[in-house]
Amino acid sequence: MKRIQYGMYGGPELMRLDEFELAAPGQGQVAVKVKFAAINPIDWKLRNGQMKIVTGKAFPRAMGFDFAGTVTAVGPGVTRFVPGDAVFGLARFKESGALGEAVIANETALALKPGNISFEDAACLGTPGVTAWNGLLDKARLTAGQHVFINGCTGAVGEAAVQIARMHGAVVSGTCSAATMARARALGLQNVFDYRTTDLSKMRERFDVVYDTAATMTTALGLSLLREDGVFLDLDPTPGKFIRSVFNRRLKPIVCTPRPDILDSLARAAEEGKFRMPIAEIVPLNEAIGLVTALEAGRKLGGKGLVAMA
């Protein structure tokens with residue numbers, strides 16, 4: 001079997017498509033034959049070593065988080081899945097490995113793929129959907145009728161956040177590029193602003209929730225856009241922000257944390273046609289390094305980039 005991996009932390013030139021042997025699933029783990037994997041910025045952030053305090057010094061290291069495929073084996077204690085199940089979800093954070101022909105995932109980071117959802121679409125749901133859910137529902141406790149502002153509303157997490165917020169009855173506004181404003185309006189945003197020409201510091205409206213899914217806002221700006229009891233969700237968590245959030249409960253740094261209830265809810269929403277991430281390009285595994293490199297360099301797709309394993 002093959003997967004994309006690297007032998008040290010650093011730039012895109014370190015990625016290799018190498019042979020590997022998949023380990024047997026351990027306690028609470030599931031082995032999955034991957035059909036499609038989705039590319040996310042976290043993939044190259046880990047490879048660059050931005051989180052090596054967590055990922056450690058063992059090499060080679062695999063790449064990729066989001067995938068959809070078929071269960072081939074389950075480890076001791078697994079009760080939610082059996083071999084042959086079609087599933088989607090996230091690979092383990094430290095080990096990664098979705099950008100390959102097979103992967104080991106924790107049972108708690110998987111959900112059954114709805115029958116009316118393709119493997120391609122299912123592969124896109126994990127990281128964007130879970131991250132949006134973690135912010136809006138786990139941290140902000142979003143309720144119907146609240147006003148939400150999403151900075152970067154047509155990025156992957158932003159688009160997921162728009163859909164989840166509207167599913168829960170929120171009124172949503174946000175920023176995006178001029179080129180994607182039509183798509184944002186089609187998602188049902190009340191007000192859409194061009195991030196290049198809008199000075200958010202001069203905006204008069206205040207919001208119950210501000211979610212900086214683009215990770216470009218200063219904390220001061222995000223907090224200034226809140227109503228009295230509002231919450232600022234920050235997708236650029238740093239140690240300093242976590243410390244500050246202890247003293248300022250309106251600041252909530254967000255880390256993608258999958259759970260079965262979240263993934264099952266995303267599966268139901270997708271099955272009902274309420275949640276979907278657009279797909280922009282699909283490449284075979286032997287061309288995946290080129291696509292990852294281009295996205296890391298700033299190429300915009302207008303949707304998810306996928307890797308097909310067969």
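Tutor: Let us start with helix H4, residues 126-139, in this predicted model. One partner of H4 is helix H5, residues 156-167. The two pack at an angle of about 55°, and their axes are 8 Å apart. An angle from 65 to 115 degrees would count as roughly perpendicular, and one under 35 as roughly parallel. H4 and H5 are therefore oblique to each other. The crossing of H4 over H5 is right-handed.

Which residues make this contact? From H4 come Pro 128, Gly 129, Thr 131, Ala 132, Trp 133, Leu 136 and Leu 137. From H5 come Ala 156, Val 157, Ala 160, Ala 161, Ile 164 and Ala 165. By class, the contact of H4 with H5 has 11 nonpolar residues, two polar and no charged.

Now take the other partner, helix H9, residues 260-271. H4 and H9 pack at an angle of about 110°, with axes 10 Å apart. The range for roughly perpendicular is 65 to 115 degrees. H4 and H9 therefore count as roughly perpendicular to each other. On the H4 side, the contact uses Gly 129, Val 130, Trp 133, Asn 134 and Asp 138. On the H9 side, it uses Ile 262, Leu 263, Ser 265 and Leu 266. This contact of H4 with H9 divides into five nonpolar, three polar and one charged residues. Look at Gly 129 and Trp 133 again. Both are listed in the contact with H5, and both are listed in the contact with H9.

Most residues other than glycine have a negative phi. Is Arg 141 buried or exposed? Exposed means over 50% relative accessible area. Arg 141 has 59%, so it is exposed.

Compare another loop residue, Ala 215. Ala 215 sits between strand E12 and helix H7, residues 219-224. Ala 215 also has a positive phi, near 55°, and is not a glycine. With a relative accessible area of 36%, Ala 215 is partly exposed.

Another loop joins strand E11, residues 191-194, to strand E12, residues 207-212. Met 203 has its place there. Its relative accessibility is 11%, so Met 203 counts as buried. Leave aside neighbours within four places in sequence, and Met 203 is in contact with Phe 149, Phe 193 and Leu 225. Met 203 and Ile 150 are 53 residues apart in sequence. Their C-alpha atoms are 14 Å apart in space.

After H10 comes Gly 298, with a positive phi near 115°.

Arg 3 lies in E1. Not counting residues up to four places away in sequence, Arg 3 touches Arg 16, Leu 17, Asp 18, Phe 20, Ala 62, Leu 99 and Gly 100. Take Gly 100 from that list. Arg 3 and Gly 100 are 97 residues apart along the chain, yet their C-alpha atoms are separated by 3.7 Å.

Another strand residue is Gly 89, in strand E6, residues 86-90. At 2% relative accessibility, Gly 89 counts as buried. Beyond neighbours within four places in sequence, Gly 89 is in contact with Phe 65, Asp 66, Phe 67, Ala 109 and Leu 110. Gly 89 and Arg 259 are 170 residues apart along the chain, with C-alpha atoms separated by 9.9 Å.

Most peptide bonds are trans. The bond from Phe 59 to Pro 60 is cis, with omega near 0°. Pro 60 is in the loop between helix H2 (52-55) and strand E4 (61-62).

Definitions and conventions
Residues numbered from 1 in each chain as written. Predicted model: local features only at pLDDT ≥ 70, side-chain atom pairs only at ≥ 80, totals over all residues. Heavy atoms only, no water. Axes fitted to C-alpha atoms, helices over the stretch in contact; angles between N-to-C directions. Helix = DSSP H or I, 4+ residues; strand = E, 2+ residues; numbered from the N terminus. Parallel < 35°, antiparallel > 145°, perpendicular 65-115°, else oblique. Left-handed = near helix turned anticlockwise from the far one by under 90°. Contact = heavy atoms within 4.5 Å. Nonpolar A, V, L, I, M, F, W, Y, C, P; charged D, E, K, R; others polar. Buried < 20%, exposed > 50% of the residue type's maximum accessible area, 1.4 Å probe, protein only.
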